[in-house]
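Welcome! Let us walk through this structure together, one part after another.

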Amino acid sequence: MTLLDHQKLLVKSTVPALTKHGEEITRVFYQRMFAAHPEIAPMFNQDDQKNGEQPKRLAAAILAYAGNLDRLDLLGPAVSRIEHRHVATKVRPEHYPIVGKYLLEAIKEVLGDAATPEILEAWGVAYNELAQIMIGHEAAIYAQQEKEQEQEEEVAAV
Ligand code: HEM
């Protein structure tokens, strides 16, 4: 499903409130996700969780995305950095629905009554679009790494 114009407007309309509560959203998000999926927690630098650095970065990325739905090219370098960090920490496509579920729940909780079903649906579609873009780029980075590794092994075998 692609993000419709009115859904883009709905997502954008939530940016001010989410900016106000951005870090709270990501804190709620990480707490719940790690409680439900303890296997994911070791992928994250726990010092950065405690000092709030990682929640800040995730909040900033999500808000930058929400505010630039029509100009994703502006986010290119930032997204590329995140994707390389994801590959370094072995993020896989199957992790994305888990993150999406807890992110949406946290958005719902923090926005309260303002989180109408239409807004949550629009956010779900927006998240999935970004997830698909990132999964595609990350697959290319993994493939490139595997190719380089095979070449190194061939050289080592000569
Ligand atoms: C659209 C979805 C996502 C966004 C916008 C996002 C955003 C970010 C950002 C901004 C960073 C920080 C990059 C940096 O250090 O500069 C990051 C790192 C990271 N992300 Fe994501 N992420 C997403 C999905 C996921 C998923 C599905 C996982 C899987 C569990 C994940 C796991 C991680 C990990 C392990 C790190 C490195 C954390 C660390 O260094 O402690 N992310 N992500």
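At roughly what angle do the axes of helix H2 and helix H4 cross? Keep in mind, as you look, that this is a predicted model. Helix H2 covers residues 15–36 and helix H4 covers residues 53–67; their axes cross at roughly 140° and come within 9 Å. Angles over 145 degrees would count as roughly antiparallel and 65 to 115 as roughly perpendicular, so H2 and H4 are oblique to each other. The crossing in which H2 passes H4 is right-handed.

Which residues make this contact? On the H2 side you will find Val15, Leu18, Thr19, Gly22, Glu23, Thr26, Phe29 and Tyr30. H4 brings Gln54, Pro55, Lys56, Leu58, Ala59, Leu63, Ala66 and Gly67. Sorted by class, the contact of H2 with H4 holds nine nonpolar residues, along with five polar and two charged ones.

Now step back to the whole protein chain. Its secondary structure consists of seven helices and zero strands, and reading along the sequence gives the pattern α-α-α-α-α-α-α. The C-alpha trace of the protein chain spans about 65 × 35 × 20 Å along its principal axes.

The UniProt record, an unreviewed entry, annotates residues 2–139 as "domain: Globin". That span is 75% helix and 0% strand, and its end C-alpha atoms lie 21 Å apart.

Finally, look for the ligand and its iron atom. Which residue is the protein donor here? The only one is His86, whose NE2 atom is at 2.1 Å from the iron. To place His86 in the chain, go to helix H5, residues 76–88.

Definitions and conventions: Residues numbered from 1 in each chain as written. Predicted model: local features only at pLDDT ≥ 70, side-chain atom pairs only at ≥ 80, totals over all residues. Heavy atoms only, no water. Donors = N, O, S within 2.8 Å, 3.2 Å for Na, K, Ca; no water. Helix = DSSP H or I, 4+ residues; strand = E, 2+ residues; numbered from the N terminus. UniProt positions renumbered as here; feature names shortened; annotations may be inferred. Axes fitted to C-alpha atoms, helices over the stretch in contact; angles between N-to-C directions. Parallel < 35°, antiparallel > 145°, perpendicular 65-115°, else oblique. Left-handed = near helix turned anticlockwise from the far one by under 90°. Contact = heavy atoms within 4.5 Å. Nonpolar A, V, L, I, M, F, W, Y, C, P; charged D, E, K, R; others polar.
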